[in-house]
Amino acid sequence: IGAFSFCWGFEITRDELEARLKIPLLAGLRRYCGGDKEFQIAYQSELGVLTEFRGQGHAKNLFKARLEDFLKQGSTVGVVRTREFPQPSVTYSWFTKKLGYQKIASYPEGDGRVILGRSLHGLLELL
C-alpha cells in the first residue's frame with residue numbers, strides 16, 4: 001500500500017504470547033477457544049498509518065489481507081494489544097467499536113495497556 005502504512009502479525013501459541021506480553025490470557029480467552037488450552041492465536045502485533053493518510057481505508061485493507069492469511073492458516077482467535085486510557089488509541093477504538101473485539105486482560109501497572117480478543121468467525125464481513 002505504501003511507505004505510509006504498516007501491518008505486522010503472526011500466529012503464536014497462548015503460552016508463547018503470555019511470555020511475550022508478560023500477562024496471563026487463558027481466563028480471557030476461554031470464551032473464544034472452547035476451553036482448549038492448545039490453539040494458535042492470530043496476534044496482530046502492529047498496525048499503523050501516518051496521520052495524513054488515515055481515513056482512506058489503508059489500515060482496513062492491510063488488516064483484511066493479514067486476516068485472510070490467518071484464516072487460511074486455520075486460526076480461530078484474534079488478539080491485539082493496545083491502549084485504552086488515558087486517551088483510547090485509534091486502534092483501540094477501531095478494534096472495539098468497528099470489529100467487536102473485547103477486553104480480555106489489562107496490565108496491572110495501570111498504564112492503560114489492554115489485550116483485546118475475539119473469534120475470527122465473521123470478522124471479514126465487518127471490514
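Reply: The largest cavity is lined by Ala42, Gln44, Phe63, Leu67, Phe70, Gly78, Val79, Tyr101 and Leu120. This is a predicted model, in which local features need pLDDT of at least 70, side-chain atom pairs count only at pLDDT 80 or more, and totals for chains, interfaces and linings use all residues. Residues are numbered from 1 along each chain as its sequence is written, and side-chain values use heavy atoms, with hydrogens and water left out.

Me: What is a cavity, and what is a pocket?

Reply: Both are found on a 1 Å grid over the protein atoms alone: a cavity is a set of points where a 1.4 Å probe fits but cannot get out, while a pocket is an open set with protein on both sides within 12 Å along at least five of seven lines. Lining residues have an atom within 4 Å of a point. Grid points are joined across faces, edges and corners, and a volume is the space filled by probe spheres set on the points. Searching the whole structure gives 1 cavity of 30 Å³ or more, and the volume of the largest cavity is about 30 Å³.

Me: Which elements give two or more residues to the lining of the largest cavity?

Reply: Elements are DSSP runs numbered from the N terminus: helices (H or I, at least four residues) and strands (E, at least two). For the largest cavity they are β2, α3 and β3, and α3 gives the most, with 3 residues. For residue classes, Ala, Val, Leu, Ile, Met, Phe, Trp, Tyr, Cys and Pro count as nonpolar, Asp, Glu, Lys and Arg as charged, and the others, Gly among them, as polar. By class, this lining has 7 nonpolar, 2 polar and no charged residues.

Me: What is the volume of the largest pocket?

Reply: The largest pocket has about 320 Å³. It is lined by 15 residues, and Val49, Arg54, Ala59, Val90 and Thr91 are the closest to its centre. At least two lining residues come from each of β2 (40–49), α3 (58–72) and α4 (90–98). The classes are 7 nonpolar, 6 polar and 2 charged.

Me: How many residues line the second largest pocket?

Reply: There are 16, with Gln44, Ser45, Glu46, Leu47 and Arg81 nearest the centre. Two or more residues come from each of β1 (5–13), α1 (14–21), β2, β3 (77–83) and α4. The largest share, 5 residues, is from β2. The volume of the second largest pocket is about 230 Å³, and its lining has 7 nonpolar, 5 polar and 4 charged residues.

Me: How should I read backbone angles?

Reply: Most residues other than glycine have a negative phi, and most peptide bonds are trans. Here Lys22, not a glycine, has a positive phi of about 60°. Lys22 lies in the loop between α1 and α2 (26–33). Phe85 and Pro86 are joined by a cis peptide bond with omega of about 15°, and Pro86 is in the loop between β3 and α4.

Me: Is Lys22 buried or exposed?

Reply: The scale is relative accessible area: buried is under 20%, exposed over 50%, and partly exposed in between (1.4 Å probe, protein chains only). Lys22 is at 68%, so it counts as exposed. In α1, by contrast, Arg14, Leu17, Glu18 and Leu21 are buried. Viewed down the axis of α1, the buried residues fall within an arc of 100°, so they line one face of the helix. That arc is of the directions from the helix axis to the C-beta atoms.

Me: How many aromatic pairs are there?

Reply: Rings of Phe, Tyr and Trp (its six-membered ring) pair if their centres lie within 6.5 Å; planes under 30 degrees apart are stacked, over 60 edge-to-face, and the rest tilted. The count is 6 aromatic pairs. Phe63 and Phe95 are edge-to-face, 5.3 Å centre to centre with 90° between the planes. Phe63 is in helix α3 and Phe95 in helix α4, 32 residues apart, so the pair links distant parts of the chain. Phe95 also pairs with Tyr101: their ring centres are 4.9 Å apart and their planes at 90°, so this pair is edge-to-face too. Ring pairs link Phe63, Trp94, Phe95 and Tyr101 into a cluster. Phe63 and Phe95 are both buried, and Tyr101 is buried at 5% relative accessible area.

Me: Which ring does the charged end of Arg66 sit over?

Reply: A charge sits over a ring if NZ of Lys or CZ of Arg is within 6 Å of the ring centre and within 35 degrees of the ring normal. The charged end of Arg66 sits over the ring of Phe70, 4.1 Å from its centre. For Arg113 the ring is that of Tyr107, at 3.8 Å from its centre.
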